Amino acid sequence: QWGLHTKWLGKEIVHHDRISSTQTTAIEYAQEGCDHGTVIVANRQSNGRGRLSRQWYSDNDQGIWLSVVLRPDISPMKAPQLTLVTATVLAEVIEQISQTTPAIKWPNDLLLNNRKLAGILTEMQAEQDKIHYLVIGIGINVNQSYQEMDLSVREIATSLQIETGKTFHQTTFIQLLLECLERRYQQYLDEGFHLIKASWEQYAYKMNKEVTYQTGKAKQKGFIRGIAEDGALLMETESGRIDSLYSAEIDWFSS
Ligand code: BTN
C-alpha cells in the first residue's frame with residue numbers, strides 16, 4: 001500500500017482512520033516494545049497534541065498526522081538533534097513537493113509566509129545514558145482550505161493548499177517523508193550533526209536578522225547566527241557576545 005523504499009523505517013505502519021492522537025498511540029506501542037521504525041498514521045485525530053501541552057487541530061483528513069518510534073543508540077542528551085534532523089527533512093520534503101521554501105523557526109516549527117505550516121513533537125523515555133524510545137510526531141497542514149482551518153488558528157496557521165492553490169497526494173508525501181527521514185537519520189549517525197546543521201541553517205527563519213528575546217527578566221536584542229551541536233540557538237548580542245539559548249521567549253514577528 002505504501003510502496004516504501006526504506007530499510008527499516010515504516011516496515012510496520014499502523015494506519016487508523018480516526019484516533020485520539022498518533023503520538024499517544026505510538027507511545028503505547030513503544031512501551032509495549034514495538035520495533036525501531038514503527039510508524040503510526042491517522043487520517044484524523046480527535047485530540048492531537050502540540051508542544052507545551054497545546055492542542056494540535058487535526059480532526060480533518062486534509063493533513064499528515066503521524067508518529068515515528070525510534071530507538072537510537074545515542075545519549076539522551078543528543079535527542080534534540082533528532083528533532084532538528086526531522087525539521088530539516090520536513091523542510092526539504094515540503095520544498096521538493098510544493099516548490100515553495102518553508103522556514104524553520106527554532107526549535108522546530110515550519111513556516112510559510114510567516115504562518116505555521118507544520119510542527120514536530122518529540123517525546124522520550126530515557127534513563128541515564130540510554131534512550132528506551134523516542135517518539136517523533138509530525139503534523140503538516142496539507143490540503144486544508146482557509147475555511148477548513150480551525151477558527152482559533154486561521155490567522156497564525158496555514159496549509160500548502162492555501163499557500164500554493166494546489167492539492168497534494170498524501171501517500172506520496174508520506175513515502176517521500178519517510179524515505180528522506182531514514183536517509184538523513186542514517187547520515188546523521190554515520191557522519192555526525194554537521195551536515196544537518198548546515199542544512200537547518202539554510203532554512204532558518206530570521207537567520208542573521210535581529211530579534212528581541214527575553215531570558216529571565218532581561219529583554220535584549222540579538223542577531224540569529226545558527227544552531228549549536230546541542231540544538232541551542234546561537235544569538236549574537238549587541239555587544240558581540242554569542243549567547244546559547246535553550247529556552248527563551250523570542251519575539252519573532254516584530255523587528
Ligand atoms: C507543535 O508544533 O506544537 C507540534 C505539533 C505536533 C503534531 C503532531 S500530529 C501527529 C502527532 N500526534 C499528535 O498528537 N501530535 C503530533
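This is a short walk through one predicted model, from the whole chain down to a few residues.

I'll start with the overall build. The chain has five helices and twelve strands. Its radius of gyration is 18 Å, close to the 18 Å that the globule rule gives for 255 residues, so the chain is as compact as a globular protein of that length. If you draw a box around the C-alpha atoms along the principal axes, that box comes to roughly 55 × 45 × 30 Å. Of the 255 residues, 37% are buried. On contacts: taking those in the chain with a separation of 6 or more, 60% are between residues 24 or more positions apart.

Next, the domains. The chain is divided into domain 1, residues 13–203, and domain 2, residues 210–251. Their C-alpha centres lie 25 Å apart. How many residues are in contact between domain 1 and domain 2? Nine residues of domain 1 are in contact with six of domain 2. On the domain 1 side, α2 (79–98) and α5 (194–203) each supply at least two of the residues that touch domain 2. By class, that side of domain 1 has six nonpolar residues, one polar and two charged.

Now the ligand. The shell around the ligand has 21 residues, and the closest are S21, G50, G119, G137 and G139. Which elements supply at least two residues each to that shell? They are α1 (22–31), β3, β6 and β7 (130–141). Sorted by class, the shell has eleven polar residues, six nonpolar and four charged.

That brings me to the record. The unreviewed UniProt entry carries a "binding site" annotation covering Q45, R49, G50, R51 and K116.

Where does G50 sit? It is in the loop between β2 (39–45) and β3 (63–70). Leaving out residues up to four places away in sequence, G50 touches Q55, W56, G119 and L121.

Strand β6 is one of the elements that supply at least two residues to the ligand shell. K116 is partly exposed, because 19 other C-beta atoms lie within 10 Å. With residues up to four places away in sequence left out, K116 touches D109, L111, I156, A157 and T158.

V211 lies in strand β8, residues 210–215. Why does V211 count as buried? Because it has 20 C-beta neighbours inside 10 Å, and 20 or more is the cut-off for buried. The C-alpha atoms of V211 and F223 are separated by 6.3 Å, and the two residues are twelve apart along the chain. Again not counting residues up to four places away in sequence, V211 touches K206, G222, I224, I250, D251 and W252.

Technical notes
Residues are numbered from 1 along each chain as its sequence is written. This is a predicted model: local features need pLDDT of at least 70, side-chain atom pairs count only at pLDDT 80 or more; totals for chains, interfaces and linings use all residues. UniProt positions are given in the numbering used here, feature names are shortened, and annotations may be inferred rather than shown by experiment. Helices (H or I, at least four residues) and strands (E, at least two) are DSSP runs, numbered from the N terminus. Two residues are in contact if their C-beta atoms, placed from the backbone, lie within 7 Å. A residue is buried if 20 or more other C-beta atoms lie within 10 Å of its own, exposed if 12 or fewer, and partly exposed in between; C-beta atoms are placed from the backbone. A residue is near a molecule or strand if its C-beta atom, placed from the backbone, lies within 6 Å of it. Ala, Val, Leu, Ile, Met, Phe, Trp, Tyr, Cys and Pro count as nonpolar, Asp, Glu, Lys and Arg as charged, and the others, Gly among them, as polar. Domain bounds come from an automatic or database domain assignment. The radius of gyration is taken over C-alpha atoms; the globule rule is 2.2 Å times the number of residues to the power 0.38.
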